[in-house]
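Hi everyone, thanks for making time. I'd like to walk you through one structure today, so let's get it up on the screen.

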2 protein chains.
Amino acid sequence: MSYTTDSPFKSISILYRKSHIWLSNGCAGAGLTAAQAVVILILCDFRALTQDEITKRLSLDKSVIAKTVTKLEEGGFLLREPNPRDKRTYQIRPTEKGWQVYPLIKQEVEGCFARMTQRMSETERAEFRRLLALAADTTLEPEE
Amino acid sequence: MSYTTDSPFKSISILYRKSHIWLSNGCAGAGLTAAQAVVILILCDFRALTQDEITKRLSLDKSVIAKTVTKLEEGGFLLREPNPRDKRTYQIRPTEKGWQVYPLIKQEVEGCFARMTQRMSETERAEFRRLLALAADTTLEPEE
DNA sequence: TAAAAATGGTGGCAACTGCCACCATTTCAA
DNA sequence: TTGAAATGGTGGCAGTTGCCACCATTTTTA
């Protein structure tokens, strides 16, 4: 008997948890957890960001980013440079070691989507991507 | 500046986290966390299940379900009846208190989907639901 | 300009989850 | 039928996340 998913809430939970398991396994060899990998990814995409900018781009709580950034600095994947213009903030940049794992992470993240959509047509896959983005953006709207 | 979602991986993370925050807030008044609410939901849907059946229906690790069921039993939301046919298992049923929160949980879970799809047309919403289910089912396929 | 508010960041706590080792029981196979 | 494998469940540990209280700094405002 197959336990087919019946509710969107459950589907989203399953997709989230499975893709994080895949990313964890894919990045374990590089010494990175899934959450750390995502931060490296966004950091390499933008070259340099403050913690607050990372927080907004990933829409995670700022304390979560603080902890992840600390771990990544300890692991030598990024550097915090104090910002002379605003002493409250750091400029955060990937190190050489960070750049080295960037291609792997990009590939793993794209692989997750490919894997969960392998039974979709090209058209369905594009539509799924569009609707996911629309839903996520709607979620981020300020409350009224 | 709006930080629009660009990758499906990120979209799924955001949708998962936001919907769990919504469900947590919606169920806090009933003395339930989001994970507990989902177990009550599936239990009331099927009237009686073993832990293993809950595990399969939610595709969560069995130890996660064990912990949640323990908490729910302590909270008086469900009962474990030892199963005479197989002494390894319990039959788990909602109590009266469990049944009382069922309608609220159902409403909250449906509200999550309505909320994230509020900018979609009816057609898009149906298609999104279908594609989510397809992706989640694909994810659950045995590896080959 | 001084007080108040906003911003960026940190640390603690709790909830959720996955993985693993383990136990008891049941099922399967030699 | 007995030993091995599978099944259902538990407990510990670690990773991810959100919320809150708090601090330092910057910006706003009265």
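Which atom of DNA strand D does a polar side-chain atom of R88(B) lie 2.5 Å from? A base oxygen.

Quick housekeeping before I go on. This is a predicted model, so local features need pLDDT of at least 70 and side-chain atom pairs count only at pLDDT 80 or more, while totals for chains, interfaces and linings use all residues. Side-chain values use heavy atoms, without hydrogens and water, residues are numbered from 1 along each chain as its sequence is written, and chains are lettered from A and ligands numbered from 1 in the order in which they are written.

K62(B) has a side-chain N or O atom 2.7 Å from a base oxygen of DNA strand D. With Y90(B) we're on the backbone: an N or O atom there lies 3.4 Å from a phosphate oxygen of DNA strand D. For polar contacts, the cut-off is a pair of N or O atoms within 3.5 Å.

Around DNA strand D there are 27 residues, and T33(A), S63(A), D52(B), K62(B) and R88(B) come nearest. Being near here means having a heavy atom within 4 Å of the strand.

S63(B) puts a side-chain N or O atom 2.3 Å from a base nitrogen of DNA strand C, and T33(B) has one 2.4 Å from a phosphate oxygen. The surface near DNA strand C splits into eight nonpolar, seven polar and twelve charged residues. Charged means Asp, Glu, Lys and Arg; nonpolar means Ala, Val, Leu, Ile, Met, Phe, Trp, Tyr, Cys and Pro; the others, Gly among them, are polar.

So how do the two chains relate? Chain B can be laid on chain A with an RMSD of 0.0 Å, using a turn of 180 degrees and a shift of 0.0 Å along the axis.

Note on methods: Polar contact = N/O pair within 3.5 Å; in protein donor to acceptor, adjacent residues only side chain to side chain. Least-squares fit on C-alpha atoms with pLDDT ≥ 70 in both.
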